[in-house]
Structures are given as C-alpha cells and as structure tokens.
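Trainee: I have a model open and want to learn how to read it. Can we go through it feature by feature?

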Amino acid sequence: MAKAMAASSKTEPLSVDRTAELDAFLIDLNHAAADVILPLFRADHGLENKAGPGAFDPVTLADKNAESAIRKLISEHYPDHGVIGEEWGEDRPDAEFVWVLDPVDGTRAFIAGLPVWTTLIGLRFQGQPVLGSIGQSFIGEIFIGHAGGSRLISPGGERVLKTRPCAGLAEAVIASTDASLFQGAQREAWNQVRAAARLARFGCDAYAYAMVALGTIDLVIETGLKSWDIDAAIPVLAGAGGMITDWSGQPVGQHGGKVAIAGDRRVLDEALVLLGPAA
C-alpha cells in the first residue's frame, strides 16, 4: 500500500503577508457568493436539468450567478489570475494563480431546501492548491485554511479547526455523498469500508469534508469528483491536520477522481487496504 499523503503535499509557498491578503479576499468572495445565493435558497431558484433524457443533473440561477459574481471580483482585483469553474469553464488555467470554483456544491441539497450545500473556492499557486474555503452561508459558516492553519468563521466567532484522533474504522464515523455512485468493484470496496465502520452518513457533499476538519467525522469516501469538488478542501484539511489521497494512497491530482479524506492516518490506512483493489 502506498504511503498516505497529507492533505496538501507541499509546504505553503506564499509569504505570510501574501497569504493574509488572499485569505481576506477569499472571505470577500464568500460574502459575494452568499449575497447571490441566499435570496434563491428555499425560493424560486430557476432549476434546469443539464443532463439528457432519462437523467438528472440540476443547475440553478444560484450556481450560475454566484460563479459570475465571484469571477467579477477576481477580475477586478486580480486580473492576471486564472479561473476554473464548474459553470463557466476555464479562463487562463495555466496562470501562476488559479481560482477553482464550485459556487453551489450539493445542488441537489440546495433544491431540496437542505442547508448542507456549500460554496467551494480554492486557489492554486504554481499548480498546487494552497488556500481554500468551504462556505455554508445559510448557517453563516466559512471553513477556511492553508497548510499553516485552518479556522471556522461563524456567528459565534472564530475557532481553530483540528481533526480528531480515531484509532480505526471500528470507531469511525464515515460519510459519502451517495452510495449508489459506487459501481462494480468500487461498490464492493465501499461495502467493506461501511461494514467495518461504526456509523455512516450520506448526502452532505463537501459539508462532510468540513466536518472532518472540524473533528466530527473521521473519514469520507468519494468517487467521480471533479477538480472544483475537491481543490478547495485540500488546504482546509491540510491546515486542520487531515489527509486527502486517492484510493491508492497517492496525492489527489488536478482532476479529482476517487478520493479518501481522513482526520487520522490510522483510519485512512485501514480504509486504503479495503479500497485498494478498486483503486
């Protein structure tokens, strides 16, 4: 089994001052997205189906307009930065700084009125995720961080994020977006992880990643992720002491794929043994 890698595989390359500047801007981006999204939550959100006949891939005005608002602020403040977004594609994806956006991760939860959707905003520097946030604006939470540390900003103030110790799967609370996404060998591997764990929860999308950083969930297993699904979480987990790898224990590439997120290396290592045959 490959050695488990930390959530961020490289040391934070930015200066302290530049990191602080971009951190503050990231908070501004979250507020701009919230201003667009919240009036549409549990309201007329303009639902469309992006998929073909017989399938369902929802998108709403919240997704589209929030990404547009984020892009506008980036272009005004950092016109040389690139952007990769779920809704509006790529703009200078090879730039030194690239923002990776999923304005409403968990659109299905959003249209169901469930406050577990999030706004994911990540920043790459020279190709590596170095800063990120997982925002839940209805609750008023922003989980934000980098390799030097992560924190939760909420109506109750700020607190440091730190994953919790967990000796193994038998004691672990685990999560996944939807078990039906696992097929064939992946489904068999997931079933083994699920059988070994204490408790499993579903349907939280990236909010479950934030809960690993907060220390309430121990392991998240996903498949079929895109870059905008995971880039923002990598620095948040790194700063909280967590780990993100693919199912073979290697660093997650720029295209997502099969991902394991853990707060304790012992849980991750045990899960990777079971996930390995489907990696």
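This is a predicted model: local features need pLDDT of at least 70, side-chain atom pairs count only at pLDDT 80 or more; totals for chains, interfaces and linings use all residues.

Trainee: Where does Asn30 sit, and is Asn30 buried or exposed?

Mentor: Asn30 belongs to helix H1, residues 16-37. Its relative accessibility is 6%, so Asn30 counts as buried, the cut-off being under 20%.

Trainee: Which residues does Asn30 touch, beyond those up to four places away in sequence?

Mentor: Thr119, Ile121, Ser133, Gly135 and Ile142.

Trainee: How do I read a pair of packed helices?

Mentor: Use the angle between the axes and the distance between them. Here, the axes of H1 and helix H2 (residues 61-77) come within 8 Å and cross at roughly 145°. The crossing is right-handed. On the H1 side, the contact residues include Phe25, Leu29 and Val36; on the H2 side, Ala66, Ile70 and Leu73 are among them. The residues of this contact split into 12 nonpolar, 2 polar and 1 charged.

Trainee: And the sheet: what is the strand order?

Mentor: E4-E3-E5-E6-E7-E8-E9-E10, an open sheet of 8 strands with mixed pairing. Strands E4 (89-91) and E10 (157-160) are the edges; each has a single partner strand, so one side of each lacks a neighbour in the sheet. The twist averages 15° from one strand to the next.

Trainee: What packs on the sheet?

Mentor: H1 does, touching E5, E6, E7, E8 and E9, with its direction at about 30° to that of E5. Helix H5 (residues 207-214) also packs there, touching E6, E7, E8, E9 and E10. The direction of H5 makes about 65° with that of E8.

Key. Residues are numbered from 1 along each chain as its sequence is written. Side-chain values use heavy atoms; hydrogens and water are left out. Helices (H or I, at least four residues) and strands (E, at least two) are DSSP runs, numbered from the N terminus. Buried means under 20% relative accessible area, exposed over 50%, partly exposed in between (1.4 Å probe, protein chains only). Contact means heavy atoms within 4.5 Å. Axes are lines fitted to C-alpha atoms, for helices over the stretch in contact, and angles run from 0 to 180 degrees between N-to-C directions. A crossing is left-handed if the near helix is turned anticlockwise from the far one by less than a right angle, and right-handed if clockwise. Ala, Val, Leu, Ile, Met, Phe, Trp, Tyr, Cys and Pro count as nonpolar, Asp, Glu, Lys and Arg as charged, and the others, Gly among them, as polar. Two strands pair if DSSP finds at least two bridges between them.
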